[in-house]
Structures are given as structure tokens and as C-alpha cells.
Amino acid sequence: MNTIALIVAMAVVTLSSRLSFMLRPVKSQKLKDNRFLEVFPVALFVTLAVVGFAPPGEVLAVTPSVIAGVGGIAGAALFKRSMLGVVAMGAVAYLLARLWF
Amino acid sequence: MTATNKSASFRRGLRDTLPLAPPIAVFGVVFGALAIQAGLTPWLAFLCSLLVVSGSAQMAMVGLIGSGAGPVLLATTGLALRHLPMSATLSEMIGDTPLLRRLQLSWVLVDESYGLTVNAATRGEPDLVAFKTASDLTLYSTWLLSTVAGALLGAQLDTVAVDLGIVFPLVFLGLAASVVRTRTQWITAGLSVVAAVVAVSVLPVAWQISGAAIAAAAVGSRFK
């Protein structure tokens with residue numbers, strides 16, 4: 001497969017998944033009431049955060065990234081879940097941890 | 001929906017997304033440079049960003065292209081699985097939006113704009129379509145321009161020295177903190193930590209996020 005065909009195939013896979021439930025409005029009450037959809041955003045965001053903080057191959061090691069995560073959680077608690085509070089506290093924790101490690 | 005609401009939501013979409021543009025730009029430059037170093041031309045690197053619009057899938061392509069199309073498409077599928085529930089949630093949030101708008105919103109259904117839109121919905125944003133459109137425009141234009149910059153820098157850029165840092169995980173942590181409300185969501189958040197740690201330990205990189213998020217949501221949604 002040449003590179004252009006590969007890129008187009010990747011685009012087809014990605015766009016198909018993105019379009020899956022977007023082609024028509026969600027009418028079904030059953031789907032609207034689906035608890036899976038209620039909790040999926042939280043699951044996705046937490047997973048993206050944990051995978052980002054976890055160093056490859058040493059998932060349980062205490063590293064500056066993990067400490068940044070702890071700082072971010074403290075930021076969420078201190079600043080009433082403000083995004084800026086999470087990012088700022090996490091970044092400060094990360095920089096301090098980099099000095100320490 | 002009034003024009004005032006639409007315009008205000010559009011502005012808030014820009015305001016909320018602009019802080020993400022610099023890290024996205026760094027990511028795009030790194031992708032562009034890696035694509036050139038992997039043997040793509042600048043035109044193909046740009047085409048990839050234009051059509052695929054998925055940083056993680058594009059990075060996987062650059063890393064796996066030497067192994068052939070099969071592994072690249074398998075990785076793309078693993079990464080794309082999470083779009084299924086993302087599109088269902090978004091479709092439910094935007095209601096009776098016309099088809100063309102739905103197609104436009106699907107084109108840039110990426111983690112960042114999805115996260116910001118869910119967050120905006122939680123705080124009662126009046127026009128989510130305008131909000132996400134602004135977010136998508138910001139992210140997409142940044143992604144395309146930075147890919148071109150990286151592709152033109154190509155082999156001159158030391159991609160190892162560019163530290164993408166911890167901005168993205170912190171942003172997602174912030175998004176999680178802002179949307180978690182119910183007991184079921186808290187339980188799901190805890191399950192997601194466990195699932196992500198397990199996934200990072202046992203799953204191939206391309207399947208970690210989709211696998212962990214879908215598993216945690218499937219189990220978490222059973223709790224009341």
C-alpha cells in the first residue's frame with residue numbers, strides 16, 4: 001500500500017468512528033438515559049491523564065510526572081476544580097519535583 | 001438560538017481553547033519533523049494532518065510505517081475506538097443540529113475539543129455547536145500550521161530534546177475534575193485510574209486509552 005492510500009485508509013477509519021453516532025440526532029430515550037454515556041467522559045479524561053503521567057515501563061514509579069498529577073489533584077481541591085488551578089498546581093509540583101529528582 | 005448566544009459561545013470557545021494552542025503547536029511541529037525523518041514528504045505530512053486529524057494516530061503511523069500498513073491501521077483502529085462513545089455523547093448534547101453541521105463537528109472530534117465541549121455543557125453553555133466550532137477552528141488551524149513548520153524544519157529538529165511535558169495530562173485531569181459530579185462518576189474515575197495503570201502495563205500503546213476508558217466506563221456505569 002502506498003503512503004497516500006495508507007493516509008486515506010487511516011482517515012476513513014478515524015472519520016467513520018467519529019461519525020458513528022453523529023449522522024443523526026440521538027432520538028432514542030434509551031440511548032439518552034444510557035449510564036455508560038454519562039460516565040464515559042470522566043473515564044476518558046482520567047485515563048488520558050493517568051496514561052500521560054505514567055512513565056512508559058515504570059507505571060508505579062514515583063516520578064516528577066506522577067507528582068505533577070498529585071499537585072493537579074491538590075489544585076482541583078484548593079481551587080474549586082478550576083482548570084487553571086489544576087494546571088498551575090500541577091506545573092509547580094512538576095517543577096519542584098524536577099529540582100528534587 | 002439567538003445570534004448573541006451564538007457569538008458569545010463562539011468567543012468562549014476561542015477563549016477556552018487558545019491556552020491549548022501552544023502545546024498543540026509543539027506536538028504538531030514534532031509530528032511534522034518525525035514524519036520527514038520517517039521518509040514522508042512535507043506534502044504527505046500535511047495531507048496526513050489534514051485528513052486524519054489525530055495526533056496519536058499520526059504519531060503511531062510515523063513509528064510503525066516501517067512495519068507496513070497492517071500495524072498502522074490496527075493502531076489507528078485501537079485509538080479510534082474511543083470516538084464511538086465520544087460521538088454518542090456529543091450527538092446527544094447537540095440535539096437536532098443539521099447534518100452538515102454534524103459532519104463539520106465530527107471532522108475535528110478530538111480529545112481536547114471534546115473535553116472542552118463536555119465541560120462547557122456541564123456549566124450550561126447556550127450554544128455548544130458554536131462553542132465547539134470555535135474550539136475546532138483553533139485546534140485544527142494550529143495543528144495544520146505547526147505540522148507544516150515541523151515538516152519544513154524536518155531533519156534539523158532534534159525531536160528528543162522537545163519536551164511535550166505534562167500539559168496535556170494536567171488539562172485532562174482538570175477536565176475530569178470539572179465534570180465529575182455524581183457518585184457513579186466518582187466510582188468511574190477511581191476505576192479509570194486502576195484500568196489505566198493496568199492498560200499501560202499490559203496493553204500495546206495504541207489500545208491503552210480506548211481499552212481502559214471503555215472498560216472503566218462499562219464497569220462504572222453499573223454502580224448507582
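This is a predicted model: local features need pLDDT of at least 70, side-chain atom pairs count only at pLDDT 80 or more; totals for chains, interfaces and linings use all residues.
What pattern does chain A follow when read along the sequence?

**View 1**
Read along its sequence, chain A follows the pattern α-α-α-α-α. Chain A has 101 residues, and 46% of them count as buried. Take the contacts in chain A with a separation of 6 or more: residues 24 or more positions apart account for 26% of them.

**View 1. Where chain A touches chain B.**
Here 55 residues of chain A are in contact with 69 residues of chain B. On the chain A side, the elements that give two or more residues are helix 1 (3-19), helix 2 (29-32), helix 3 (35-53), helix 4 (64-78) and helix 5 (83-100). Which of these gives the most to the side that touches chain B? Helix 3 of chain A does, with 19 residues. Sorted by class, this side of chain A has 40 nonpolar, ten polar and five charged residues.

**View 2. Helix 1 of chain A beside helix 6 of chain B.**
Now zoom in on one pair of helices from the two chains. The axes of helix 1 of chain A and helix 6 (residues 83-94) of chain B come within 7 Å, crossing at roughly 40°. Because of that angle, helix 1 of chain A is oblique to helix 6 of chain B. Look for Ser17(A), Arg18(A) and Leu19(A) in helix 1 of chain A, which meet His83(B), Leu84(B) and Ser87(B) in helix 6 of chain B. By class, the residues of this contact are two nonpolar, three polar and one charged.

**View 3. Helix 3 of chain A beside helix 6 of chain B.**
From helix 3 of chain A come Phe36(A), Leu37(A), Phe40(A) and Pro41(A), and they meet Pro85(B), Ala88(B), Thr89(B) and Glu92(B) in helix 6 of chain B. This contact divides into six nonpolar residues, one polar and one charged.

**View 4. A helix pair within chain B.**
Helix 1 (residues 3-17) and helix 9 (residues 128-153) of chain B pack at an angle of about 40°, and their axes are 7 Å apart. Their crossing is right-handed. Among the residues of helix 1 of chain B in this contact are Phe10(B), Gly13(B) and Leu14(B), while those of helix 9 of chain B include Ala130(B), Phe131(B) and Ala134(B). Overall, the contact has six nonpolar, six polar and four charged residues.

**View 5. Two domains in chain B.**
The domain assignment of chain B gives domain 1 (3-157) and domain 2 (180-224). How far apart are the C-alpha centres of these two domains? They lie 23 Å apart. Seven residues from domain 1 of chain B and seven residues from domain 2 of chain B take part in the contact. On the domain 1 side, helix 5 (residues 69-80) of chain B gives the most, with three residues. That side of domain 1 has five nonpolar residues, one polar and one charged.

**View 6. Two loop residues with a positive phi.**
Arg81(A) has a positive phi of about 65° although it is not a glycine. Find Arg81(A) in the loop between helix 4 and helix 5 of chain A. With 18 other C-beta atoms within 10 Å, Arg81(A) is partly exposed. Val53(B) is not a glycine either, but has a positive phi of about 50°. Its place is the loop between helix 3 and helix 4 (55-64) of chain B. Is Val53(B) buried or exposed? Val53(B) is buried, because 22 other C-beta atoms lie within 10 Å and 20 or more is enough to count as buried.

Trp43(B) sits in helix 3 (residues 42-51) of chain B. Trp43(B) counts as exposed, with 11 C-beta neighbours inside 10 Å. Along the sequence, Trp43(B) and Val148(B) are 105 residues apart, yet in space they are 8.4 Å apart, C-alpha to C-alpha. Pro19(B) lies in the loop between helix 1 and helix 2 (21-37) of chain B. It counts as partly exposed, with 13 C-beta neighbours inside 10 Å. Pro19(B) and Met59(B) are 40 residues apart in sequence and 22 Å apart in space, C-alpha to C-alpha.

How values were computed. Residues are numbered from 1 along each chain as its sequence is written. Chains are lettered from A and ligands numbered from 1 in the order in which they are written. Domain bounds come from an automatic or database domain assignment. Two residues are in contact if their C-beta atoms, placed from the backbone, lie within 7 Å. Helices (H or I, at least four residues) and strands (E, at least two) are DSSP runs, numbered from the N terminus. Ala, Val, Leu, Ile, Met, Phe, Trp, Tyr, Cys and Pro count as nonpolar, Asp, Glu, Lys and Arg as charged, and the others, Gly among them, as polar. Axes are lines fitted to C-alpha atoms, for helices over the stretch in contact, and angles run from 0 to 180 degrees between N-to-C directions. A crossing is left-handed if the near helix is turned anticlockwise from the far one by less than a right angle, and right-handed if clockwise. Angles under 35 degrees count as roughly parallel, over 145 as roughly antiparallel, 65 to 115 as roughly perpendicular and the rest as oblique. A residue is buried if 20 or more other C-beta atoms lie within 10 Å of its own, exposed if 12 or fewer, and partly exposed in between; C-beta atoms are placed from the backbone.
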